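I opened this notebook to record what I looked up in one structure. The entries run from the overall layout to single residues.

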Amino acid sequence: MLDGEQKFCYRIVEVSIDLWIPYKSLVEELMPNAQVVADRFYVMKQVNTELDNQRKKEKTKAEKINCKSDKEQMLSGLKKSKYALLKNEDNLTEEQKDKLEQVKQVSPSPMHEESNGTKKSPNP
């Protein structure tokens, strides 16, 4: 690398990237003073993937319920719940607030706490 480019790279203090290991390793090598921060879109992709996985697990559990009315209640609560779970509770429409309440009633899992901003951060 040329001297000017090397000096420039040393002055970079923060880099936002997809956290794919080769990207991160390259940034750490070329920009040793830079703090690596997860790209917002990468993080949201991970959140969406995890939320979808949790919803699928809950749906699978619901489908194994023998009592037809309990099964239908749980499936109804989970159906079309994704956006109510993703949005911050303060920004939900009335319909989404109702859906979030349904999810809370039918799902004992913490997926509704983790996804919509109500989960407390470990670092205050």
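The entries below cover layout, cores, helix packing and selected residues.

**Entry 1. Basis of the model**

I note that this is a predicted model, in which local features need pLDDT of at least 70 and side-chain atom pairs count only at pLDDT 80 or more, while totals for chains, interfaces and linings use all residues. Residues are numbered from 1 along each chain as its sequence is written, and side-chain values use heavy atoms, with hydrogens and water left out.

**Entry 2. Layout**

I looked up the secondary structure and found seven helices and two strands. Helices (H or I, at least four residues) and strands (E, at least two) are DSSP runs, numbered from the N terminus. Read from the N terminus on, the order of elements is α-β-α-β-α-α-α-α-α.

I then checked burial, where buried means under 20% relative accessible area, exposed over 50%, and partly exposed in between (1.4 Å probe, protein chains only). Of the 124 residues in the protein, 24% are buried.

For contacts I used heavy atoms within 4.5 Å. Among contacts with a separation of 6 or more, 35% join residues 24 or more positions apart.

**Entry 3. Nonpolar cores**

I took a nonpolar core to be a set of buried Ala, Val, Leu, Ile, Met, Phe, Trp, Tyr and Cys residues joined through side-chain atoms within 4.5 Å. The largest such core has seven residues: Cys9, Ile12, Val15, Ile17, Val27, Met31 and Ala34. I looked up Val15 and, not counting residues up to four places away in sequence, found that Val15 touches Val27, Met31, Ala34, Gln35, Val36 and Val37. A second, separate core holds six residues, among them Leu51, Ala84, Leu85 and Leu92.

Two packed helices are described by the angle between their axes and the distance between the axes. My axes are lines fitted to C-alpha atoms, for helices over the stretch in contact, with angles from 0 to 180 degrees between N-to-C directions.

The axes of α3 (residues 40–63) and α4 come within 9 Å and cross at roughly 165°. The two helices are therefore roughly antiparallel. Here angles under 35 degrees count as roughly parallel, over 145 as roughly antiparallel, 65 to 115 as roughly perpendicular and the rest as oblique.

The crossing of α3 and α4 is left-handed; the term applies if the near helix is turned anticlockwise from the far one by less than a right angle, and right-handed if clockwise. From α3, Arg55, Glu58, Lys59, Ala62 and Glu63 make the contact, and from α4, Lys71, Met74, Leu75 and Leu78. By class I recorded four nonpolar, no polar and five charged residues in the contact of α3 with α4. In this scheme Ala, Val, Leu, Ile, Met, Phe, Trp, Tyr, Cys and Pro count as nonpolar, Asp, Glu, Lys and Arg as charged, and the others, Gly among them, as polar.

**Entry 4. Packing of α4 and α6**

Helix α4 (residues 68–78) also meets helix α6 (residues 94–106), with axes that come within 8 Å and cross at roughly 140°. I therefore class α4 and α6 as oblique to each other. Their crossing is left-handed. The contact is made by Gln73, Met74, Ser76, Gly77 and Leu78 of α4 and by Lys99, Gln102, Val103 and Val106 of α6. I recorded four nonpolar, four polar and one charged residues in the contact of α4 with α6.

**Entry 5. Single residues**

I found Asn33 in the loop between α2 (21–30) and β2 (35–38). Asn33 is partly exposed, at a relative accessible area of 45%. Leaving aside neighbours within four places in sequence, Asn33 is in contact with Tyr10, Ile12 and Val13. The C-alpha atoms of Asn33 and Ile12 are separated by 6.6 Å, although the two are 21 residues apart along the chain.

Asp52 lies in α3 and is partly exposed, with a relative accessible area of 22%. Its C-alpha is 7.8 Å from that of Lys82, and Asp52 and Lys82 are 30 residues apart in sequence.

Most residues other than glycine have a negative phi. Lys80 is not a glycine, yet has a positive phi of about 55°. Lys80 sits in the loop between α4 and α5 (82–86) and is exposed, at 72% relative accessibility.

Gln105, in helix α6, is exposed at 63% relative accessibility.
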